Amino acid sequence: MTDATSEKKSTLAELINKFALREGIGETNIPSLFFIHHTSTYGPVHRVYKPSVCIIVQGEKEILLGQERFLYGPNHYLVASVDLPVSGQILKASGSAPYLAMKLEFTPAEIMEVIEEAAIQFVSGDDSKRGMYVNEIEAPILDVAVRLTSLLEKPEDISVLAPLIKKEILYRVLQGKHGSALAQMAVQGSYTQRIRYVIDHIRNHYDHSFRIEELAEIAGMSVSSLHRHFKEVTAMSPIQFQKQIRLQEARQLLLYEDADTTDAALQVGYESVSQFSREYARMYGFPPRTDVNRLKEDWMESVEE
């Protein structure tokens with residue numbers, strides 16, 4: 001690591017520390033930019049990662065996508081190119097050296113705009129690309145990240161400069177070693193783009209049952225081809241993907257809307273409450289009501305501290 005790179009990381013850490021106003025993940029005044037600040041190890045937490053670039057400047061994190069493990073820290077950045085249900089936990093954090101990270105969300109349209117304006121050439125081959133990857137951090141990306149977060153000190157500049165700097169970050173990521181994996185989610189007709197349409201359909205209709213033939217029709221693929229490409233992008237089958245979305249949504253209903261187990265199961269599309277409880281316990285380690293009570297107790301303890 002060069003002195004210049006270390007200096008940029010230190011500057012970015014100072015900015016995140018200054019503007020991350022609370023523990024956990026928080027919005028900033030820059031649209032689609034979030035800061036994450038934790039003073040202790042945390043998780044695992046289950047959530048859907050939206051398309052985003054995540055840069056850690058202090059600490060370490062582990063992400064599980066299906067059975068695949070992504071470990072990254074200050075020498076790497078992580079990219080999610082499509083919506084993906086994951087579990088993640090912060091492995092290194094303390095009061096004296098908190099976990100500090102930034103996340104910049106983006107849309108397929110923003111990726112396509114950069115590809116077209118920069119005339120970047122990507123070949124849409126026969127292989128779909130994994131929807132998540134970790135890459136080694138490069139000085140140009142750190143430089144742009146510092147310039148973007150520095151706008152928080154000059155809020156009058158955000159509306160004009162933030163969109164331009166965001167575009168530059170996406171350009172740098174597309175130029176990286178695995179940039180084609182990001183590009184494929186936006187390139188018209190690519191397998192990854194077609195799988196993204198299926199992901200969007202499942203996300204929007206997770207509480208309905210579906211026939212695999214329906215999804216294959218959305219993707220414009222055969223059933224066997226859909227299975228293969230969907231698993232390549234998401235590291236799971238369409239049914240497994242839907243199950244994770246359902247269980248995450250059910251947990252939110254139990255935690256924040258005080259739904260009972262039966263109501264939560266029915267609202268997310270389960271016909272059998274016993275099946276729901278089994279699959280919930282398999283994913284979260286506890287039956288629904290036990291899990292929710294445990295989480296609420298942990299929250300109360302953290303508030304009292």
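**View 1. Strand S4 beside strand S9 in the predicted model.** Val-53 stands opposite Leu-104 of S9. Strand S4 covers residues 52-58 and runs antiparallel to S9, with 6 bridges joining the two.

**View 2. Strand S2 beside strand S9.** Residues 33-38 form S2, which pairs with S9 in the antiparallel sense over 6 bridges. In this pairing, Phe-35 lies opposite Met-102 of S9.

**View 3. The two faces of strand S9.** S9 spans residues 99-105 and is mostly covered, with 7 of its 7 residues buried. Tyr-99, Ala-101, Lys-103 and Glu-105 point one way from the strand. Leu-100, Met-102 and Leu-104 point the other way. Side chains in a regular strand alternate between the two faces of the sheet. The buried residues of S9 include Lys-103 and Glu-105.

**View 4. Ile-55 in the largest nonpolar core.** This core holds 95 residues, of which Ile-55 and Met-132 touch the most other members. Leaving aside residues up to four places away in sequence, Ile-55 touches Leu-12, Tyr-77, Leu-100, Ala-101, Met-102, Ile-137, Ile-141 and Ala-145. In soluble globular proteins, nonpolar side chains tend to be buried together.

**View 5. Packing of helix H1 and helix H3.** The axes of H1 (residues 3-19) and H3 (residues 139-150) come within 9 Å and cross at roughly 30 degrees. H1 is therefore roughly parallel to H3, as angles under 35 degrees count as roughly parallel. Their crossing is left-handed. On the H1 side the contact involves Thr-5, Lys-8, Lys-9, Thr-11, Leu-12 and Leu-15. These meet Ala-139, Leu-142, Asp-143, Ala-145, Val-146, Thr-149 and Ser-150 in H3.

Terms used:
Residues are numbered from 1 along each chain as its sequence is written. This is a predicted model: local features need pLDDT of at least 70, side-chain atom pairs count only at pLDDT 80 or more; totals for chains, interfaces and linings use all residues. Side-chain values use heavy atoms; hydrogens and water are left out. Buried means under 20% relative accessible area, exposed over 50%, partly exposed in between (1.4 Å probe, protein chains only). Helices (H or I, at least four residues) and strands (E, at least two) are DSSP runs, numbered from the N terminus. Two strands pair if DSSP finds at least two bridges between them. A nonpolar core is a set of buried Ala, Val, Leu, Ile, Met, Phe, Trp, Tyr and Cys residues joined through side-chain atoms within 4.5 Å. Contact means heavy atoms within 4.5 Å. Axes are lines fitted to C-alpha atoms, for helices over the stretch in contact, and angles run from 0 to 180 degrees between N-to-C directions. Angles under 35 degrees count as roughly parallel, over 145 as roughly antiparallel, 65 to 115 as roughly perpendicular and the rest as oblique. A crossing is left-handed if the near helix is turned anticlockwise from the far one by less than a right angle, and right-handed if clockwise.
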